[in-house]
Amino acid sequence: MARMAAKDRREELIAAAIRVMVRDGVTKATTRAVVGEANMPLGVFHYCFNSREELLQEVITRLTDSSVAKARDVFATEGDDLGARVTKTLFTFWEGVELSPGEHQVGYELTHYALRQAGFEELARRQYDHYLEVHQEFLVKAAESAGIRWTVPLPVLARYLNAVLDGVTLCWLADRNSEHSREVLRLAGEHLMTLAGEDD
């Protein structure tokens, strides 16, 4: 095996874990399967990660950050009013769902796996804490950029946004009705704007 920095090995193992999970499911992503996918010896895994749970947490973070990266960039563009930017951001997120459905399915599998697996329950909580932090960051930036304030407490609004995206994504994974999914996101964007008030 070619020499590689520990950081690079970690990244290779995370990428390999995602490939295994998308292809075979979360339960099949054993440490042996992951190192086999990465073409590394088993000892490298224990050198790079303290536990399988740590690897799964990194997978969750990578999948989340990947799915919101383009949406962040779209929201950061100037020229449109807040409502238009919110809608464009939701649609950009949605394009990512349609392009990488396997990765989003893995997200749900990780949640259910963690809730069912003794000792992994905390992983599910951290997973959704991360989702809520991402949504809250988006809402804060939206308010700051438009000079508005949200009339609903941020933690509640972040949970609302997460519930919409979770529900639409899971429903689409089952029926692949993109037209209705986009309409729900449009309605969610419109409703979000009714919760914006003038900044004091």
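**Rings, charges and a pocket in a predicted model**

Modeller: In this predicted model, Tyr-131 has a relative accessibility of 16% and counts as buried.

Biologist: What makes Tyr-131 count as buried?

Modeller: Buried means under 20% relative accessible area, and Tyr-131 is at 16%, so the residue counts as buried.

Biologist: Why is Tyr-128 called partly exposed?

Modeller: The class runs between 20% and 50%. Tyr-128 has a relative accessible area of 22%, therefore the residue is partly exposed. Tyr-128 and Tyr-131 both belong to helix α7 (residues 121-146), 3 residues apart, or about one turn of the helix.

Biologist: How many aromatic pairs are there?

Modeller: The structure has 5 aromatic pairs.

Biologist: Why is the pair of Phe-45 and Phe-49 called tilted?

Modeller: Stacked planes are under 30 degrees apart and edge-to-face planes over 60. The planes of Phe-45 and Phe-49 stand at 35°, with ring centres 5.4 Å apart, so this pair is tilted. Phe-45 and Phe-49 are both buried.

Biologist: What makes the pair of Tyr-128 and Tyr-131 edge-to-face?

Modeller: Their planes are at 75°, and edge-to-face needs over 60 degrees, so the name applies. The ring centres are 4.8 Å apart.

Biologist: Which ring does the charged end of Arg-85 sit over?

Modeller: That of Phe-75, at 4.6 Å from the ring centre. The charged end of Arg-176 sits over the ring of Trp-172, 4.5 Å from its centre.

Biologist: What lines the largest pocket?

Modeller: The lining has 39 residues, with Thr-64, Ser-67, Val-68, Phe-93 and His-104 nearest the centre. Helix α4 gives the most, 11 residues. The lining divides into 18 nonpolar, 14 polar and 7 charged residues, and the pocket volume is about 830 Å³.

Terms used: Residues are numbered from 1 along each chain as its sequence is written. This is a predicted model: local features need pLDDT of at least 70, side-chain atom pairs count only at pLDDT 80 or more; totals for chains, interfaces and linings use all residues. Side-chain values use heavy atoms; hydrogens and water are left out. Rings of Phe, Tyr and Trp (its six-membered ring) pair if their centres lie within 6.5 Å; planes under 30 degrees apart count as stacked, over 60 as edge-to-face and the rest as tilted. Buried means under 20% relative accessible area, exposed over 50%, partly exposed in between (1.4 Å probe, protein chains only). Helices (H or I, at least four residues) and strands (E, at least two) are DSSP runs, numbered from the N terminus. A charge sits over a ring if NZ of Lys or CZ of Arg is within 6 Å of the ring centre and within 35 degrees of the ring normal. On a 1 Å grid over the protein atoms alone, a cavity is a set of points where a 1.4 Å probe fits but cannot get out, and a pocket is an open set with protein on both sides within 12 Å along at least five of seven lines; lining residues have an atom within 4 Å of a point. Grid points are joined across faces, edges and corners, and a volume is the space filled by probe spheres set on the points. Ala, Val, Leu, Ile, Met, Phe, Trp, Tyr, Cys and Pro count as nonpolar, Asp, Glu, Lys and Arg as charged, and the others, Gly among them, as polar.
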